[in-house]
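Please look over the sequence and the 3D structure below. A short report on selected features follows.

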Amino acid sequence: MIVIMLLSYCRGLLCSEVMAPGLRWDEKLRKYIGLAYKYAQVREYFSGSRISIEDKVLDPLPFPQIHDSVELRDYQAKALELWMKERRGVIVLPTGAGKTVVALKAIAKLGVATLILVPTIDLMNQWHSQVMTRLGVDAGRLGGGYDSVKGITVSTYDSAYVRAEELGNRFALLIFDEVHHLPSEGYMNVAQMSAAPYRLGLTATPEREDGRHVLLDDLVGPVVFRTSPSQLSGKYLSEFETEKIYVNLTPEEEKRYYALREKFKRFLASRKIRLTSSQDFGKLVRMAYRSREAREALLAWHESTEIAVNSRAKVNKLRELLTLHDQEKTIVFTRNVELAYEISSLFLIPVITYRTPKDEREEILRLFREGKYRVVVTSNVLDEGIDVPDASLAIVLGGYGSRRQLVQRLGRILRKKDGKRAKFIEIVAKGTVDYSLSRRRGSASV
């Protein structure tokens, strides 16, 4: 007599009556259990064994009838071809190079229930529009007041996290847009509690400052295709040039800056602390909760960084550049919201930050697109998740030591247009932490 063992899904878990790699015995359930994302691995193990199973894991939503109008460029087709070999993995393409298009073609080719995960409501709505335009389907939406689950659904990471147990066996393909968000402590549960065997990650820069990008191999798969802005410029993206302009702090800023840095360095030396990683800095932050001296040192570090990143000399140089490039459609990027509003007031240009209401932000971008606004200033909110209209000049007054931020900001000016040559300018305060942050970001030309 042949005994058939049951393999099932239960609230983000696989449940099996027999042992398999990735599963452990649970005394309460009297079954072997494991996180649902191990489904493909467990299924492969059973298919190669003599154990007969009844697979009740996936209960996918019906895939809608689509009209595939997606056409791929050569590099997009190559990326998809490499991903299709295992139907798992990450595709790394610059901002503006058409990551969405590759994913939509993957959906059309596989024809299985698909959940698309995005970090923001703006991106959710952009994806919904693209699915409608290119596949002819009114996709479901989760987030931003929407609560509709269909065979193709777009959801924010936050909304999917809340409903991970419910959604975990309803989709066979997961698409993670801006996949570098996924390895965070909460969001990775969305991937782990899903049994979807097919997984596609999309990003311009998978690397994270905290090193957790190494978890992507397990959650989504390895990087299967990667290209850079310089490799696509000219034919698919606008040609571009980069420039770093160095300025000196004002005499008053310089005096205050070095006094604060010396105070910070003295504290580190007194405690024999070396800051060689983000983890070391995290320890210093925790120390500040217990120690007045540590707290004062941390405040000195913060104030000195603010002085360097927001120097008056940078604002003066910006004035020169806006006059010199007065015919260019320009985005000015700052690190700090306060500086963005100050620049908006000084130069009478519209500002977009996280404080800007959605309707106002959309109106500013519309007028920018139409050429009625020539310059906008923003802090970090346009780095990711918003479809920024075509621009030819980016001026960066400050940012973090993140390669990802550099690539994302560059991507805002690379959309192809006949005769366009984009320019990316960084204004950097010499001899300060701002210079170190710029070096950590690297060059925008690769």
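Lysine 244 is partly exposed, at 30% relative accessible area. Buried here means under 20% relative accessible area, exposed over 50%, and partly exposed in between (1.4 Å probe, protein chains only). The model is predicted: local features need pLDDT of at least 70, side-chain atom pairs count only at pLDDT 80 or more, and totals for chains, interfaces and linings use all residues. Residues are numbered from 1 along each chain as its sequence is written, and side-chain values use heavy atoms, leaving out hydrogens and water.

Glutamate 426 is the salt-bridge partner of lysine 244, with the closest N and O atoms 3.8 Å apart. A salt bridge is a side-chain nitrogen of Lys or Arg within 4 Å of a carboxyl oxygen of Asp or Glu. Glutamate 426 sits in strand β19 and lysine 244 in strand β14, so the pair ties together parts 182 residues apart in sequence. Helices (H or I, at least four residues) and strands (E, at least two) are DSSP runs, numbered from the N terminus. Glutamate 426 is buried, at 3% relative accessibility.

A salt bridge also joins glutamate 243 to lysine 423, at 3.1 Å between the closest N and O atoms. Glutamate 243 belongs to β14 (residues 239-247) and lysine 423 to β19 (residues 421-429), so this pair links parts 180 residues apart in sequence. Glutamate 243 is partly exposed at 32%; lysine 423 is buried at 18%.

## Other charged pairs

The count comes to 31 salt bridges. One of them joins glutamate 342 and arginine 312, at 2.3 Å from N to O. Glutamate 342 lies in helix α14 (residues 337-347) and arginine 312 in helix α13 (residues 312-324), so the pair ties parts 30 residues apart in sequence. Both are partly exposed: glutamate 342 at 29%, arginine 312 at 30%.

## The open sheet

Eight strands form an open, mixed sheet, in the order β9-β8-β10-β7-β11-β12-β6-β13. Strands pair if DSSP finds at least two bridges between them. β9 (146-147) and β13 (223-226) are the edges; each has a single partner strand, so one side of each lacks a neighbour in the sheet. β8 (residues 140-143) pairs with β9 in the antiparallel sense over 2 bridges. Glycine 143 has tyrosine 146 in β9 as its bridge partner.

Helix α2 (residues 74-84) packs on the sheet, touching β6, β11, β12 and β13. Contact means heavy atoms within 4.5 Å.

How values were computed: Axes fitted to C-alpha atoms, helices over the stretch in contact; angles between N-to-C directions.
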